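Morning, everyone. Please have a look at the sequence and the structure on the screen. I'll take you through a few places in turn.

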Amino acid sequence: MAVNVGMHVARPGKRDAVLDWLQMLTGAGLVAFMWCHMILVSSVVISPKIMNAIAHFFEATYMAQVGGPLIFLTFLLHFALAARKIPFRPEGQATIWQHAQMLKHRDTWLWVVQAVTAMVILVMGAIHMWVVLNDLPITAAKSAARVGEGGWMLFYLVLLPCVELHVSVGFYRIGVKWGFIRTENRKQAKKLESILFATFMVIGIITLIRFITLS
């Protein structure tokens, strides 16, 4: 007996397609922002004066005052769009976990990683942005003092890998979903994903160590 494998699959409507495009665009924008943010903050490794000069430029041009809230709104919009596909009920989460274990498929596990890290970033990322934007101007000395006091170092040691995992996996999954990454180049794309994660993790850890030496 022939089986129509597509008979129970709901076809996405125009609204879903638009929302998927918005999710991709906001995600791609946040990926670019996080990479630029990491590179600019890591300038403190070369010299605190360079970081201060960059921060002063963004504040003098009001890019920090305007861009910060816009990034935060984009962050919330992206989460709201992605949340459409995240199961929040315990039974839904259990089903996803069972399927991931049963399928043993790397890309399925990557989706799980993205969903989990998204929850962590939603809370910790919001705290980080709130603290920074309410303590302008940004300076290397202020950042160093924050990293060196209380539990902020532990805070960033949790937030950093979550962000870099989410960003590198998101970069890869955007490529897969929209056809930039295909079967013939998937192996190279996975390697690039791993390299990006390792590179920005190393940059982030070195930057945190540099801030500790300044505090």
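Start with histidine 78. Buried or exposed? Histidine 78 is buried, because its relative accessible area is 17%. Buried means under 20% relative accessible area, exposed means over 50%, and partly exposed is in between, with a 1.4 Å probe and protein chains only. Histidine 78 sits in helix α3, residues 63–82. Helices are DSSP runs of H or I with at least four residues, strands are runs of E with at least two, and both are numbered from the N terminus. What does histidine 78 touch? Leaving out residues up to four places away in sequence, it touches Gln23, Thr26, Gly27 and Leu30. Contact here means heavy atoms within 4.5 Å.

A word on the source. This is a predicted model, where local features need pLDDT of at least 70 and side-chain atom pairs count only at pLDDT 80 or more, while totals for chains, interfaces and linings use all residues. Residues are numbered from 1 along each chain as its sequence is written, and side-chain values use heavy atoms, with hydrogens and water left out.

Now the whole chain. The protein chain has eight helices and zero strands. Buried residues make up 33% of its 215 residues. Take the contacts with a separation of 6 or more: 79% of them join residues 24 or more positions apart.

Next, a helix pair. Helix α1, residues 14–41, packs with helix α7, residues 152–177, at an angle of about 135°, and their axes are 10 Å apart. The axes are lines fitted to C-alpha atoms over the stretch in contact, and angles run from 0 to 180 degrees between N-to-C directions. So α1 is oblique to α7. Under 35 degrees counts as roughly parallel, over 145 as roughly antiparallel, 65 to 115 as roughly perpendicular, and the rest as oblique. Who makes the contact? From α1, the residues include Met24, Gly27 and Trp35. From α7, they include Leu160, Glu164 and Phe171.

Last stop: helix α6, residues 140–148. Which of its residues are buried? Ala140, Ser143, Ala144, Arg146 and Val147 are. They cover an arc of only 165° around the axis, so they lie on the same side of α6. That arc is taken from the directions from the helix axis to the C-beta atoms. On the other side of α6, Ala141 and Gly148 are exposed. Just after α6, glycine 150 takes a positive phi of about 55°.
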